[in-house]
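I set out to record what could be looked up in this structure, entry by entry. The notes follow the order in which I consulted the model.

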Amino acid sequence: MAEIIRMPKMSDTMEEGVIAAWLKKVGDTVKPGDILAEVETDKATMELESYEEGVLLYIGVQEKDSVPVNGVIAIIGEKGEAYEHLLNGSSTAPAAAKTEEVKPEAKAAEPAKVEASAEKIDTSGINATVITMPKMSDTMQEGTIATWLKKVGDPVKSGEIIAEVETDKATMELESYEDGVLLYIGVEAGNSVAVDGVIAVIGEKGADYQTLLKAQQGGGKVSAPVEAKSEPAAEVKVAAPSTPVAPAPVAVAPAVGSDRLKASPLAKKIAEEKGVDIRLVSGSGEGGRIVKRDVETFVPAAAPVAASAPASAQSVAPVLGQESFREEKVSQMRKVIAKRLAESKFGAPHFYLTMEINMDKAIEARKSMNEISTVKISFNDLVIKAAAVALRQHPKVNSSWLGDKIRYNNHIHIGMAVAVEEGLLVPVIRFADSLSLSQISNQAKTLGAKAKNKELQPKDWEGNTFTISNLGMFGIDEFTAIINPPDACILAVGGIKETVIVKDGQMKIGNIMKVTLSCDHRVVDGAVGSAFLQTLKGLLEDPVRILI
């Protein structure tokens, strides 16, 4: 009997998923445990595993298209089995018509909304297709065209990458599902477009795409002036670097003319960060697909392009006393950081409590523990453990503001702010109060490395009840941090500094660390926050108490 495969909920915040790649096609035999597809959320690419045995009868969602949680994405059953009745009443049935629009019978059975709106203008004789911005994550509202890999007039084949799109969490590839010629580019490289906005048209050479755009414009997704700007803007971008350095445009040519590259998004990201030309990497995955381990084990040859960098930099270096600047488009990650932190700063009434902590005994304890521990314990590990123990004694600090109610969490999940090149990520150490210092140290190192390598999975960043941000390693004495929603508090940790202290009427040198607790006054009052800091101070000044 045929079974419907629906989009699973892969994280507690997931509302929809994007099919990054289908690893099976209609007609393929499927066994339990086989990977059907790769699904992208806003922060990770995950595998969709089959729990059914049979033949893949139907695919309801194209690659790079999104589908809500519990939406129909495929049907598995016996070969030749009828499945159409299973789609009756399904909210994703129209998407199926779009997926299989090349089949006349599919068009008749499952009319799409796009076709209905296009009937206002007769486009039946136009052999071209409008390409719109797909929704690549559940938080994505717009995408930025990072690079066009094809230009107007270039032939395009199904499966070729036509552009790279920057979302709030990653740079992803935009793949063509049509054969033809790139007739129109609606968004310049570096500019943003809303989800479902028109970005290109692909069809046969000479097709009347203007009429097609007018039909599409009925939904308000395209503006005519963009077309006039697209080609001249491309000429300017090529001509500008060619003035001081003639070979500049040539450097882009290999990337544009390259064949379809089979590689996971993570492998491409790691290759970009390491400066590895991924076309030189041999893939060990299915069908020669390049995966993470292939890039990590690849030893790149010396890049000759690097030699020309100093000459290029020298030619554009500003003259002494000359004013200059450069502007960059805001990345999607930075946009989300700005939006969330602005909402927190201006939406939650912050107040701040600062306390000095004598770390003399903590320094001695850490030195003693590292002599026998298999994992090197850092001062940050000590702070995380002490904060977890203090939260157990002051549960009101371990809380969240939910508008009409306050949630007091019985579990303690501590978020650890990690700086990455594109912004800030907060992986979570779960049940930190029940972990040993060695376990906390091991998890902190593992999560920190995964954050920097873009390997975090949804379970790694979700569910924090309290956050710690430590800038002590950068020589910062003290600072205030913005609360990380939905937490009610965040602890900002400064560096340990030798300073003169007075003890028992005597002046002596002590090692002082300053911490500042940012509190949401809607949830935590000054007395509650102060009591938490007193407990934290006592634990760090006498670390043996952490173990009790």
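**Entry 1. Strand β26 and its partner.** I looked up K497 in this predicted model and found I512, in β26, as its bridge partner. I then traced the pairing of the two strands: β25 (residues 489-503) and β26 (residues 506-520) are antiparallel and share 13 bridges. I noted that β25 and β26 make a hairpin, with two residues between them. In the turn, D504 has a positive phi of about 55°.

**Entry 2. The other partner of β25.** I next examined the pairing of β25 with β24. Strand β24 (residues 466-470) pairs with β25 in the parallel sense, over four bridges. For reference, strands of a sheet pair through backbone hydrogen bonds, in either the parallel or the antiparallel sense.

**Entry 3. Cysteines C489 and C519.** How many disulfides does the model contain? I found zero, the criterion being a pair of cysteine sulfur atoms within 2.5 Å. C489 is in no disulfide; its nearest cysteine sulfur belongs to C519 and is 3.9 Å away. C519 is likewise in no disulfide, and the nearest cysteine sulfur to it, that of C489, is 3.9 Å away. Is C489 buried or exposed? I recorded a relative accessible area of 0% for C489, so this residue counts as buried, the limit being under 20%. C519 is also at 0% relative accessibility and therefore counts as buried.

**Entry 4. S518.** I placed S518 in strand β26. Its relative accessible area is 0%, so S518 is buried. Which residues does S518 touch, leaving aside those up to four places away in sequence? I listed H350, F351, Y352, A481, I483, A488, C489 and I490. For the pair S518 and C489, I noted a separation of 29 residues in sequence and 5.5 Å in space, C-alpha to C-alpha.

**Entry 5. A four-stranded sheet.** I turned to an open sheet of four strands, ordered β5-β4-β2-β7 and paired in the antiparallel sense. β5 (45-49) and β7 (66-68) stand at the edges; each has a single partner strand, so one side of each lacks a neighbour in the sheet. The twist from one strand to the next averages 40°. Between strand β4 (residues 35-40) and β5, which run antiparallel, I found five bridges. Within that pairing, E38 stands opposite E47 in β5.

**Entry 6. The chain as a whole.** I recorded 16 helices and 26 strands. The chain has 548 residues, of which 44% count as buried. Its accessible surface comes to about 28,800 Å², and 55% of that belongs to carbon and sulfur atoms. Taking contacts between residues at least 6 apart in sequence, I noted that 62% join residues at least 24 apart.

**Entry 7. Confidence.** I checked the pLDDT last. The chain has a mean of 80, and 79% of its residues reach 70 or more. Over residues 90-119 the pLDDT is below 50, and this stretch has 33 contacts in the model beyond near neighbours in sequence. Residues 302-313 also have pLDDT below 50; that stretch has one contact beyond near neighbours in sequence. Where pLDDT is low, the predicted coordinates should not be read in detail.

Key. Residues are numbered from 1 along each chain as its sequence is written. This is a predicted model: local features need pLDDT of at least 70, side-chain atom pairs count only at pLDDT 80 or more; totals for chains, interfaces and linings use all residues. Side-chain values use heavy atoms; hydrogens and water are left out. Two strands pair if DSSP finds at least two bridges between them. Buried means under 20% relative accessible area, exposed over 50%, partly exposed in between (1.4 Å probe, protein chains only). Contact means heavy atoms within 4.5 Å. Accessible areas come from the Shrake-Rupley method with a 1.4 Å probe; for residues, only the protein chains shown count as cover. Axes are lines fitted to C-alpha atoms, for helices over the stretch in contact, and angles run from 0 to 180 degrees between N-to-C directions. pLDDT is the predictor's confidence in each residue, from 0 to 100.
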